[in-house]
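Try each task on your own, then follow the steps of the solution.

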Amino acid sequence: MAFAHNIPFISIMMTILAGVISLLTGKDKAARICLGTLTAVALLSALLFAYLWQTGTSFTFSMGHFPAPWGNELQAGLFEALMALTFTVVMILSLVAGRERVVADIAPARQGLYYLLCSLLTCSLLALVYTNDIFTAYVFVEINTLAACGIVAAKDTGETVTATIRYLIMSLLGSGLILIAISLLYAITGHLLMNDLLGSMTELAASGDYAMPCMVIMLFLAIGLAIKSALFPFHTWLPAAHGSATAASSAILSGVVLKGYIILLLKIFYRVFGLSFAHDLRVADLLFVFGLLGMIMGSIFAVREKNLKRMLAYSSVAQVGYIFMGIGLSTAIGMVAACFHILAHAITKPLLFLAADGLMDVSGHSKNIFNMQGAGRRNILAGIAFTVGALSMIGIPMFSGFVSKFYFVQGSFQNPDKMLATLIVLALSTVLNAMYYLPVLVTLYLGNDENSPYRHRKSANSRNYKKAMVAFILLNFILGMFYEPVIKALEQGLLML
Amino acid sequence: MMEFHLFTNYVEIAAVILFSIGFSTLLFHQNLMKKIIGFNIMDTAIFLFLAAKGYIAGRMAPILVEGANDPSLYINPVPSALVLTGIVVSVSVTAFALALVLRLYERYGTLHLDEILYLTRGEHD
Amino acid sequence: MIIFEGLLLIFLIVCAVAVALTRQLWQAIIIFMSYSLVMSVVWVFLQAPDLAVTEAAVGAGITSILFFLALKRINAMQTGKKGGKGK
Amino acid sequence: MELNPVEIRLLRRFRKMYMVTAFLVSLAMTAVLLLTVFNLPAFGKAGNPAENEVIGRYIEKGLEETGAVNIVAAVILDYRAFDTLGETLVLFTALVAVLMLLKDEAGVFNRRYRERSKFEPEKDQIFRSVAGMLIPCLLVFSIYIIVNGHLSAGGGFAGGAILGATLVLYNIAYGLEKARGFINEKNFLRFITAALLFYSVVKGYSFFTGGNHLPSVIPLGFPGSIFSGGLILPLNITVGIVVACVVYGAFCLFNRGGL
């Protein structure tokens with residue numbers, strides 16, 4: 001058996017061990033352990049991706065001495081490897097770029113625990129990506145929730161603690177729905193392994209038994225995961241949590257954590273219900289409508305927001321709407337577009353949050369856009385980064401956001417029923433995106449800062465921050481211009497799923 | 001072949017009623033401590049549901065007696081294993097949520113979520 | 001037997017409603033504690049002794065200890081605040 | 001912060017609306033779930049979908065393959081051990097998060113409230129002598145439950161919770177200073193890290209050998225005796241230590257913001 005088959009298992013175990021050991025070390029060592037482990041995991045994931053790309057197969061790895069329906073199992077294909085790679089890279093870059101802000105925002109005694117939670121968060125995300133068992137997924141969803149709430153609450157202000165409790169309550173509602181759906185699923189099929197569930201579900205779909213429970217299960221799973229990934233009517237917790245946390249946490253939460261749940265939902269679509277049955281259950285249509293609403297409402301909220309970080313958070317609501325719209329299209333290209341948008345948003349939104357942090361640095365740490373007149377001229381790199389991120393989110397060609405929009409349009413052509421609504425809302429949403437990002441850019445570059453007390457403030461960002469930002473910008477360009485191999489990998493990966 | 005079980009599933013009926021009560025308490029009650037108790041009720045209700053689904057009338061608990069290993073003697077052990085995991089998860093979440101509530105009470109002197117939100121409104125610029 | 005089980009289940013539902021409606025927090029916690037204990041009895045009926053033991057120790061024991069500790073600390077803070085300043 | 005009468009009226013109306021929505025949502029949810037339950041397989045009947053080949057193998061071969069008489073213990077610590085590793089990590093994550101939130105570095109909480117809430121016990125002789133009798137019994141009981149996890153109901157989680165509660169009782173009865181004699185902050189962190197490291201390394205070994213189809217060298221022992229069940233006994237002990245540590249740590253942090 002090839003070494004590459006051990007990579008999912010090794011990645012998960014390494015992050016677990018890194019998390020556990022960090023409890024005994026000081027804060028600097030914990031940071032180094034966390035970043036070192038993440039780098040190793042990123043390299044291994046790249047290796048796994050290369051291996052799978054060459055062989056064109058997927059494989060399973062049994063966790064223990066018992067084969068799959070009895071023991072637990074991991075499954076890895078191109079899709080999983082690509083997602084694991086993206087997640088770890090985004091985590092590393094966010095943590096590196098947000099390091100100074102962590103030092104400033106979080107009490108020294110808490111910093112070690114902060115990095116510990118980041119290690120555990122990565123562990124849970126990797127397990128969510130690779131697991132082939134739906135109950136294991138639930139357990140790691142809970143770790144993910146606790147660790148994500150922990151890294152929000154690490155910055156000890158009233159605002160963050162309040163945001164955390166709201167986040168926690170909504171997440172628990174989601175977990176409750178997911179758990180009862182899993183219980184119902186177990187009651188009607190007797191399986192927890194995704195492959196076996198798919199077999200039972202296909203039989204049930206053919207015979208028409210348990211139609212009502214199937215519908216309720218799909219609905220609860222979809223809504224539970226939608227709450228956790230902040231789809232529009234359930235997004236109420238997101239702006240507070242993402243808008244108030246420290247920059248690295250905001251970047252990780254919006255870039256990576258939201259996506260983990262969406263990937264679990266995709267796996268449930270493909271591997272538990274099967275696409276055609278999921279389509280028959282009409283839950284995709286519900287997600288499609290919520291997605292469209294989210295694209296518009298998220299942007300409208302963002303237009304009205306004067307607090308830069310909250311504006312970016314509302315923009316995340318809109319972007320999650322895009323992803324769910326792509327899933328709801330229930331066409332092959334729509335799914336690929338949704339997956340590509342997961343990647344595009346995962347590298348763009350952290351860039352925006354971290355750039356906003358750099359801009360706030362030279363404007364007296366005010367989050368208000370009006371206090372950032374001319375900040376783009378004072379902190380040039382952060383300004384450029386923010387511009388790149390904003391243009392990508394609006395959907396200008398050459399940036400990653402454009403590619404996903406292009407494929408969303410193509411995907412809508414395959415489904416004539418939903419084509420018109422998709423095209424109208426895409427156009428409207430692009431206009432709205434421009435309506436809130438362009439004024440910020442104008443303020444940043446053309447704003448008059450002669451009366452500002454911070455007009456002589458120069459950026460004091462470390463070299464690590466600059467390197468990470470440059471890496472993010474380059475990633476954005478690479479994904480925006482050389483997107484064809486990625487699309488191909490996603491297409492193949494979704495077929496293997 | 002569909003069957004309609006009105007009152008044979010009485011334990012499950014109790015479980016879903018408890019789930020709804022817990023869910024509503026978690027979602028709508030304004031007192032944070034009550035919300036957390038509601039969460040616990042919701043989770044135990046799901047565990048009750050799972051335990052009921054594992055039960056088979058007239059059979060023993062899955063602890064082998066004298067090495068007799070005929071599957072028709074024992075109830076289903078999988079739901080028990082899942083619930084065991086679930087109980088520990090819900091205790092962990094409870095501890096974390098209570099710590100957050102204490103933190104909030106220290107700062108705002110109230111357990112009422114609306115009041116806390118009202119008090120935080122002035123804080124961010 | 002079924003009647004006894006039914007009574008226990010009805011007791012659980014009454015407890016759950018009572019938690020949402022009581023005004024005193026400590027009452028809610030005690031009601032929740034009895035809820036957990038009755039739940040573990042129900043699990044004994046459902047032939048799940050592992051769950052019953054764990055629920056009695058973890059659900060009724062540890063969770064209630066945590067709730068009472070939190071309540072104790074809240075009360076300590078309450079008296080501390082009232083003594084400090086009349087906000 | 002003052003509200004004017006119009007706002008108060010609006011707030012009241014909002015509250016009324018809120019209650020009505022809450023009630024309707026709960027009712028709708030109950031109705032949907034009840035309908036679902038009516039359509040589910042019957043309660044307590046043999047031959048339900050949940051009773052399939054997976055359970056058959058657990059019961060038929062469980063003893064032979066894992067050495068545990070208690071099939072639930074075999075499932076959580078051997079067949080589906082990855083779930084349980086995740087579950088232990090949930091506990092650990094929660095402990096870390098609580099440590100982060102409530103650890104009182106500067107001692108602010110203690111200084112502000114020390115007069116009003118006493119952390120040192122009153123010199124209550126009756127309580128102490130009762131505790132003195134109870135603690136050894138509880139200790140033996142918890143250890144019995146932990147080490148018999150593979151033979152009878154219970155196991156690391158239940159036994160660990162009782163062990164933790166015993167430590168808490170000791171702390172309440174004899175005071176913090178005495179409890180610190182054997183478990184202080186440094187010790188505590190080392191204990192829990194060592195237990196979790198042992199757990200993950202041992203399980204990692206069995207996952208690795210299992211995933212690569214290598215034989216495991218751990219003997220299963222004679223079925224039914226204490227030293228049987230292969231890794232289940234040491235794992236139960238480890239889980240017990242982790243749970244006890246988490247319970248005791250949570251108690252100390254909630255009680256006075258430090259260990």
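**Exercise 1. Find out how many residues of chain A are in contact with chain B, and which elements they come from.**

Step 1. Contact means that the C-beta atoms of two residues, placed from the backbone, lie within 7 Å. By that rule, 27 residues of chain A are in contact with 33 residues of chain B.

Step 2. On the chain A side, the elements giving two or more residues are α6 and α7 (158-189). Helices here are DSSP runs of H or I with at least four residues, strands are runs of E with at least two, and both are numbered from the N terminus. The most comes from α7(A), with 16 residues.

Step 3. Sort this side by class: 14 residues are nonpolar, nine polar and four charged. For the sorting, Ala, Val, Leu, Ile, Met, Phe, Trp, Tyr, Cys and Pro count as nonpolar, Asp, Glu, Lys and Arg as charged, and the others, Gly among them, as polar.

A word on the model before you go on: it is predicted, so local features need pLDDT of at least 70 and side-chain atom pairs count only at pLDDT 80 or more, while totals for chains, interfaces and linings use all residues. Residues are numbered from 1 along each chain as its sequence is written, and chains are lettered from A and ligands numbered from 1 in the order in which they are written.

**Exercise 2. Identify which chains share the most contacts, and describe the chain D side.**

Step 1. Five pairs of chains are in contact, and B and D share the most contacts among them. Chains A and C, by comparison, have no contact joining them, and their closest C-alpha atoms lie 16 Å apart.

Step 2. Chain D brings 45 residues to its contact with chain B, and chain B brings 45 residues. At least two residues each come from α1 (5-38), α2 (53-66), α3 (71-79) and α4 of chain D. With ten residues, α4(D) gives the most to this side.

Step 3. By class, the chain D side holds 32 nonpolar, eight polar and five charged residues.

**Exercise 3. Work out how α6(A) and α4(D) pack.**

Step 1. The axes are lines fitted to C-alpha atoms over the stretch in contact, and the angle, on a scale from 0 to 180 degrees, is between N-to-C directions.

**Exercise 4. Decide how chain D is built and how much of it is buried.**

Step 1. Chain D has ten helices and zero strands.

Step 2. A residue is buried if 20 or more other C-beta atoms lie within 10 Å of its own, exposed if 12 or fewer, and partly exposed in between, with C-beta atoms placed from the backbone. Of the 259 residues of chain D, 46% are buried.

Step 3. Zoom in on α3(D), where nine of nine residues are buried. Among them are Ile71(D), Asp78(D) and Tyr79(D).

**Exercise 5. Say where Tyr210(A) and Ala230(A) lie, and whether phi is positive or negative in each.**

Step 1. Tyr210(A) is in the loop between α8 (194-207) and α9 (211-228) of chain A, and Ala230(A) is in the loop between α9 and α10 (238-244).

Step 2. Phi is positive in both: near 50° for Tyr210(A) and near 60° for Ala230(A). As background, most residues other than glycine have a negative phi.

Step 3. Tyr210(A) counts as buried because it has 24 C-beta neighbours inside 10 Å. Ala230(A) is buried too, with 29 other C-beta atoms within 10 Å.
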